[in-house]
Amino acid sequence: MIEQFTDRVLEVLQREFPDQGFRHGDEIGTLTDGEVSFGMSNLCAQYQQGIFNDDNFDTAIRNKFAQILQMLQSSVEAIPENWDDAQSRLRVQLVSAKLTNLSSAVTFPFADDVHSSLVIDNDGGYAYVRQADLDRWNQTALDAIELGKRNIVISQPQLPLAIMPGDVRLVAIQTGDGYDAARILIPEIRTQIIRELTGTVDGEAFAAVPNRDFLIAWPTDLIPEIHQQLSETVAMDSRQQSHPLCERVLRITAETIELT
C-alpha cells in the first residue's frame, strides 16, 4: 500500500512542481527533493482515514506540499544557518546505515546496521545534520545529541505509552512523529517502559525497534516460546515495513541498551 501511495504522490509532485526535483528516497515510503526527506506514512494514514479521497487527491497533495515548500523557502530553512533557529528543531533519529544519503551526516553506531543520527525537524519532513552544520553553530556532536533527545521529550511531554491488550504484557510507542524508535535512546523513557512492565525502575525489559515508527517492549520473564514468537514477529516487521531498522531484540535498563 505505502509503495503504491508513494508512487501516486510522486506523480503529482513531479507534475505540479517540475523544478523541485522530487524523486524516491532511499527508504520505502519516502520522497526527497535532494535536501529534505518526506515520509509518506502519515499522509497515507490520512488518505486511509478519508481525510482526503480519490476525487480531490491531486489537489490535496499539491496544497499540502505547496505549504511545506513555502515554509522551507522562507526564513526557516531546511538546515538553519543560525543556532538560535536550529536548536529547538533538533532531533535524534534512528536510521538504517544502508542509506546512501548519510555520507555527510552526523551519525553514531546503534546496533547492527542501524545508526543514530541528528536531524532538523521540518513540517512534513526532516534534513540530516552535517558536521559542517555543527561547526557553523559551534556545537559538539555529543551536546547536539543530548539536545535532540531532550527536544523529543519536550515535543510530547505526556508520552503515549500504549498497553497492548492480551495475556502477554506488552507496551508500545507509535506516535507517528518519526521519532518513535529513537525514544529508546532516552533514559527517562526507558525508565517509564521498565516501570510499566516490572513495577520498578531498577529492572530490565526486552525491547525492539523494527522500524522508525514503532517501539515495543515486554518483560524478561516471559516463557521462552512467547519470547521467540515476539522475536520472530520483530524480525518480520523489520523486513516488511517502511523505514526498517533492527531485526534483533534488545535488552534495556534505565542506563543501558544491549543486543541480545
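The model is predicted: local features require pLDDT of at least 70, side-chain atom pairs count only at pLDDT 80 or more, and totals for chains, interfaces and linings use all residues. Residues are numbered from 1 along each chain as its sequence is written, and side-chain values use heavy atoms, with hydrogens and water left out.

The protein chain contains eight helices and 13 strands. Along the principal axes, the C-alpha atoms fill a box of roughly 55 × 45 × 30 Å.

Of the 260 residues, 49% are buried. Buried means under 20% relative accessible area, exposed means over 50%, and partly exposed lies in between (1.4 Å probe, protein chains only). Among contacts with a separation of 6 or more, 62% join residues 24 or more positions apart. A contact requires heavy atoms within 4.5 Å.

The largest nonpolar core has 73 residues. Phe65, Leu94 and Ile184 have the most contacts inside it. Such a core is a set of buried Ala, Val, Leu, Ile, Met, Phe, Trp, Tyr and Cys residues joined through side-chain atoms within 4.5 Å. Beyond four places in sequence, Ile184 contacts Leu94, Phe110, Arg190, Ala207, Val209, Leu215, Leu250, Ile252 and Ile257. Another core, of 11 residues, lies apart from the largest one and includes Ala208, Phe214, Ile216 and Leu230.

Two other buried residues were examined. Thr32 lies in strand 2 (residues 30–32). Its relative accessible area is 10%, so Thr32 is buried. The side chain of Thr32 reaches the backbone nitrogen of Gly34 at 2.9 Å. Neighbours within four places aside, Thr32 contacts Gly21, Phe22, Arg23, His24, Gly25, Ser37 and Phe38.

Ile79 sits in the loop between helix 3 (57–73) and helix 4 (83–86). Ile79 is buried because its relative accessible area is 10%. Its C-alpha lies 8.2 Å from that of Tyr128, across 49 residues of sequence. Tyr128 is among the residues in contact with Ile79, as are Glu35, Ile120, Ala127, Val129, Arg130, Asp133, Arg136 and Trp137.

The structure holds zero disulfides, defined as pairs of cysteine sulfur atoms within 2.5 Å. Cys44 is buried at 5% relative accessibility. Cys246 is also buried, at 1%.

Most residues other than glycine have a negative phi. Asp112 has a positive phi, near 50°. Asp112 occupies the loop between strand 5 (107–111) and strand 6 (114–122). At 46% relative accessibility, Asp112 is partly exposed. Asn138 also has a positive phi, near 60°. Asn138 lies in the loop between helix 5 (131–137) and helix 6 (141–155). With a relative accessible area of 69%, Asn138 is exposed.

Methods. Helices (H or I, at least four residues) and strands (E, at least two) are DSSP runs, numbered from the N terminus. A polar contact is a pair of N or O atoms within 3.5 Å; within protein, one must be able to donate a hydrogen and the other to accept it, and residues adjacent in sequence count only if both atoms are side-chain atoms.
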